[in-house]
Number of protein chains: 2
Amino acid sequence: MSELQNPIEDYVSYALAAAHRAVNRSLVARLKKHGVQIEAWRIMEILDTGRRLTMGELAQIALINPPALSKLVDRMVSNGFVHRQSAQNDHRQVNLLITALGQKRMIQIRAEIQDQDDQILQQLGDEQTKKLLDILGGLS
Amino acid sequence: MSELQNPIEDYVSYALAAAHRAVNRSLVARLKKHGVQIEAWRIMEILDTGRRLTMGELAQIALINPPALSKLVDRMVSNGFVHRQSAQNDHRQVNLLITALGQKRMIQIRAEIQDQDDQILQQLGDEQTKKLLDILGGLS
DNA sequence: TGAATTTAGTTTCCAAGTCAATTAAATTCT
DNA sequence: AGAATTTAATTGACTTGGAAACTAAATTCA
């Protein structure tokens, strides 16, 4: 009994990569207008809630490896979007904070992001979107 | 009336990135044992069906930009997994073909991939997996 | 036909990411 | 206490990816 080879589109890994690529593409294009990359948006979005996070916590939530985060934060600091502050309890830790400029920039960016998310919502429908988020949550 | 800010986990873009990252991580770890990266696997998986594809077609299907594909193929050629053949009709085009060594390697790799996919299937269940592929298809 | 344009693939230059090593601070253990 | 270990973040060497420029072949059109 011979196995029939699935087309590559049927691999979860492939389907995820394709969808991720498509969504990222349009997001990158939108964010480029504001001079930030997706990861920088994630960082600012996370920090803008006011939570006080260390680099390590941020790396986990923002889906960025620590070395890449360090370097990206260097750039964001020199752009004036965030600043580092060494933690008072543990001097090894660094808290990252969003600046006033960063917050101002986020107002414009958030409109762009909202627009993109609305477009996806419209494309998939409310129910499918919810289902998608639910299933994806089970993979992370 | 004030807008309540969604947590970042509710953005489709974030949920996709998180799931993609998680799935890729384990896939990368598995493929590393065989000395190939995910994109190289995709290329060989696609070529192993025997279809005669140009670099451009392959780039689209394998989700790789043309310059990155060129460079990856250079490496794969020097590893002996694939070889280039200029197309007979149109000498600008290049057909990429998998070698016997590449096919041999794919037998081992496919077992690994199958194992990973089975694990996901088990994690999500048959129905959710199908639903996921269906919804993701609408985004690509 | 042959000059101008388009298309396919590659190359170049630069930006960004990874892995492993490093630094500095905190914690553990004797 | 203080030596040894663990933890947090960064740095350094190297690899890979992207945008734009480039080469070569095919096609269009005057």
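Mentor: A salt bridge is a side-chain nitrogen of Lys or Arg within 4 Å of a carboxyl oxygen of Asp or Glu. The model to which this applies is predicted: local features need pLDDT of at least 70, side-chain atom pairs count only at pLDDT 80 or more, and totals for chains, interfaces and linings use all residues. Residues are numbered from 1 along each chain as its sequence is written, chains are lettered from A and ligands numbered from 1 in the order in which they are written, and side-chain values use heavy atoms, with hydrogens and water left out.

Trainee: How many residues apart are A:Arg30 and A:Asp115?

Mentor: The side chains of A:Arg30 and A:Asp115 form a salt bridge, at 3.1 Å from N to O. The pair links distant parts of the chain, with A:Arg30 in helix H1 of chain A and A:Asp115 in helix H5 of chain A. Helices (H or I, at least four residues) and strands (E, at least two) are DSSP runs, numbered from the N terminus. The separation of A:Arg30 and A:Asp115 is 85 residues.

Trainee: How many salt bridges does the rule find across the interface of chain A and chain B?

Mentor: Over all chains, the count comes to 14 salt bridges. Across the interface of chain A and chain B, the number is 0.

Trainee: What share of the area buried between chain A and chain B comes from carbon and sulfur atoms?

Mentor: Contact (heavy atoms within 4.5 Å) involves 45 residues from chain A and 45 residues from chain B. Buried area is the accessible area (1.4 Å probe) that two parts lose on being put together, summed over both. Between chain A and chain B this comes to about 4,500 Å². The share from carbon and sulfur atoms is 69%.

Trainee: Which element gives the most residues to the side of chain A that touches chain B?

Mentor: A polar contact is a pair of N or O atoms within 3.5 Å; within protein, one must be able to donate a hydrogen and the other to accept it, and residues adjacent in sequence count only if both atoms are side-chain atoms. Between chain A and chain B, 11 residue pairs are in polar contact, both residues being at pLDDT 80 or more. The elements of chain A that give two or more residues to this side are helix H1 (12–32), helix H2 (38–47), helix H5 (100–124) and helix H6 (126–137). With 14 residues, the element that gives the most is H1(A).

Trainee: In chain A, which residue has its C-alpha nearest the axis?

Mentor: A rotation of 180° with 0.0 Å of shift along its axis superposes chain A on chain B, with an RMSD of 0.1 Å; this is the relation of a two-fold axis. The copies are superposed by least squares on the C-alpha atoms of residues with pLDDT of at least 70 in both. At 3.3 Å from the axis, the nearest C-alpha in chain A is that of A:Leu132.

Trainee: Why do the copies meet through the same surface?

Mentor: The comparison rests on the interface residues of chain A and of chain B. The copies meet through the same surface because the share of the interface residues of chain A that are also interface residues in chain B is 100%.

Trainee: Which element gives the most to the surface near DNA strand C?

Mentor: A residue is near a strand if one of its heavy atoms lies within 4 Å of it, and 22 residues surround DNA strand C, the closest including A:Lys71 and B:Arg84. Helix H4 (66–79) of chain A, with helix H3 (55–62) and helix H4 (66–79) of chain B, each supply at least two residues. With 5 residues, the element that gives the most is H4(B).

Trainee: How far is a backbone N or O atom of A:Gly56 from a phosphate oxygen of DNA strand D?

Mentor: Of the 22 residues around DNA strand D, those that come nearest include A:Gly56, A:Ser70 and B:Lys71. For A:Gly56, the distance is 2.7 Å.
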